[in-house]
Amino acid sequence: MASRQVFLKDLKVADLKRELEERECETTGKKADLQNRLREALENEGENPNTYLFEIAGDINSALQSLENKLLENATKMQQELQESSGSLEKNLQEKLLENATQMQQKLQETSGNLKESLEQKLIENSTNLEQKLLGNINSLEQKITDNSSWLQKQMDGKFGEIENKLVTVEEEFQNKGEQQRMINTTLKSPGSDIDRLSNPELSSRMEISRIRMKPPQFDGKSSWVNYLRQFEAAARANSWSLAEKATALTLALRGDATDILQTLSLEEQEDYHQLVRHLEMRYGQSHLEHVYHSQLKNRCQKNNESLQEFEADIARLVRLAYSSTPENVMERLAVQAFLDGLRDTETRQALTLARPSKLVDALARALEFEAAKQSCRGQAKVRRMEDGVEEGTCNEAEIRRVVEGMLEKRQIRC
């Protein structure tokens, strides 16, 4: 809307209050008080109150109201003038003026309503266009990020493929050089040494074994990392590898999901055997899960359909995982206590508590013996005989011991 500039003396009361509010001054009092207060505020700002011009924004509603007021004033004046004239003429003129004033007011209201509707429609259209542009920019940005990430992934895959090919080539070169060296050594050996080797079969077998190159198995991240590391270390000892050779061999042995760990390592960490093992241990090892195995062992109880042998095997596994660095005698006591606490049968638990076994295998044997005795007595309890007025059971202790000893012989004892 159009604005106009006015001096201080031309400001209305509403304008004076608005200017005072903008300068955080008091807005109460008469118009003269408001003018004096605004004049002091301008002087404090370093402005001349007599020449300072204020920007007054135009307001359609206020203009309409002032126009309406003027029309009403004119109609009132004309009505007073017409009252002085004849009654009939005065009445006709008054009706026409009132009718014209009403029509003008309706037209002004319609005009203001149409203007508001057009402004609202333009605002809605502008906001819709802006939202569409923002969505388009966001989609284009997401597409660019996706394309860049795909390109970067392809580049990284290509680099890692080149590195792996180079490592394979280096390993093949080492193998070829080893074969050539062994051929040279064989050619340069004297006949005397051959006679010594033939006369000493044990020395000959050790020499043949030393020539064999042990190839470590592959690791795909799905098998046990602890068992794989033991096999790899055994192959490294047999091949007399250095730390650098062990790092190269371990890198080449990774397959499947396990190769993803190479993307998180720098070239220096990949060539460092201890750093490579540490990262693989963090991802696939079990040392950081000891608290989980502690909780599982604490809450482990014999299930309804679980045999004593299965329960004992799981207790032994959990104890090994939860207390891997504990001495063997302490580990045995912990395993026996966990086995006793988790037994489903109360009578068996009480019998083993009285027996106080020192090893888990002894606790299993006594539990099997007690369970077999209970089942044998329960099966033959129905067959009873009366002799001299005394009721006797027919439990055969020798048969029970024979069954238990047979079960213990069939069971494979772990180291």
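## Rings, cores and loops in a predicted model

The end C-alpha atoms of residues 8-42 lie 10 Å apart, and this span is 63% helix and 0% strand. The model is predicted.

User: Which name does UniProt list for residues 8-42?
Analyst: The name comes from an unreviewed UniProt entry. Such annotations may be inferred rather than shown by experiment. The entry lists residues 8-42 as "domain: SAP".

User: How many aromatic pairs does the structure hold?
Analyst: Rings of Phe, Tyr and Trp pair if their centres lie within 6.5 Å. By that cut-off, the number of aromatic pairs in the structure is six.

User: Is the pair of Phe 232 and Trp 241 stacked, edge-to-face or tilted?
Analyst: A pair of aromatic rings is described by the distance of the centres and the angle of the planes. For Phe 232 and Trp 241, the centres are 6.1 Å apart and the planes 45° apart. Stacked needs under 30 degrees and edge-to-face needs over 60. So 45° makes this pair tilted.

User: Is Phe 232 buried or exposed?
Analyst: Buried means under 20% relative accessible area. Phe 232 has 0% relative accessibility. Therefore Phe 232 counts as buried.

User: What about Trp 241: is this residue buried or exposed?
Analyst: The relative accessibility of Trp 241 is 13%. The cut-off for buried is under 20%. So Trp 241 counts as buried.

User: How many residues apart in sequence are the parts that Phe 232 and Tyr 273 tie together?
Analyst: These two rings form a stacked pair, 6.2 Å centre to centre with 20° between the planes. Phe 232 lies in helix H7 (residues 225-239), whereas Tyr 273 lies in helix H10 (residues 273-284). So the pair ties together parts whose separation in sequence is 41 residues.

User: Which residues do ring pairs link into a cluster with Phe 232?
Analyst: Phe 232 pairs with Trp 241. Phe 232 also pairs with Tyr 273. The cluster links Phe 232 with Trp 241, Tyr 273, Phe 219 and Tyr 228.

User: Leaving aside neighbours within four places in sequence, which residues is Leu 360 in contact with?
Analyst: Leu 360 is among the residues with the most contacts inside the largest core. With those neighbours left aside, Leu 360 is in contact with Glu 312, Ile 315, Ala 316, Glu 332, Ala 335, Val 336 and Phe 339.

User: How many residues does the second, separate core have?
Analyst: This core includes Ala 249, Ala 253, Tyr 273 and Leu 276. Tyr 273 is buried, at a relative accessible area of 4%. The residue count of this second core is 21.

User: Where is Ser 240 found?
Analyst: Phi of Ser 240 is near 55°, a positive value in a residue other than glycine. Ser 240 is exposed, with a relative accessible area of 60%. Its place is the loop between H7 and helix H8 (243-253).

User: Is Arg 356 buried or exposed?
Analyst: Arg 356 lies in the loop between helix H14 (346-355) and H15. Its relative accessible area is 72%. The cut-off for exposed is over 50%, so Arg 356 is exposed.

Methods:
Residues are numbered from 1 along each chain as its sequence is written. This is a predicted model: local features need pLDDT of at least 70, side-chain atom pairs count only at pLDDT 80 or more; totals for chains, interfaces and linings use all residues. Side-chain values use heavy atoms; hydrogens and water are left out. Buried means under 20% relative accessible area, exposed over 50%, partly exposed in between (1.4 Å probe, protein chains only). Helices (H or I, at least four residues) and strands (E, at least two) are DSSP runs, numbered from the N terminus. A nonpolar core is a set of buried Ala, Val, Leu, Ile, Met, Phe, Trp, Tyr and Cys residues joined through side-chain atoms within 4.5 Å. Contact means heavy atoms within 4.5 Å.
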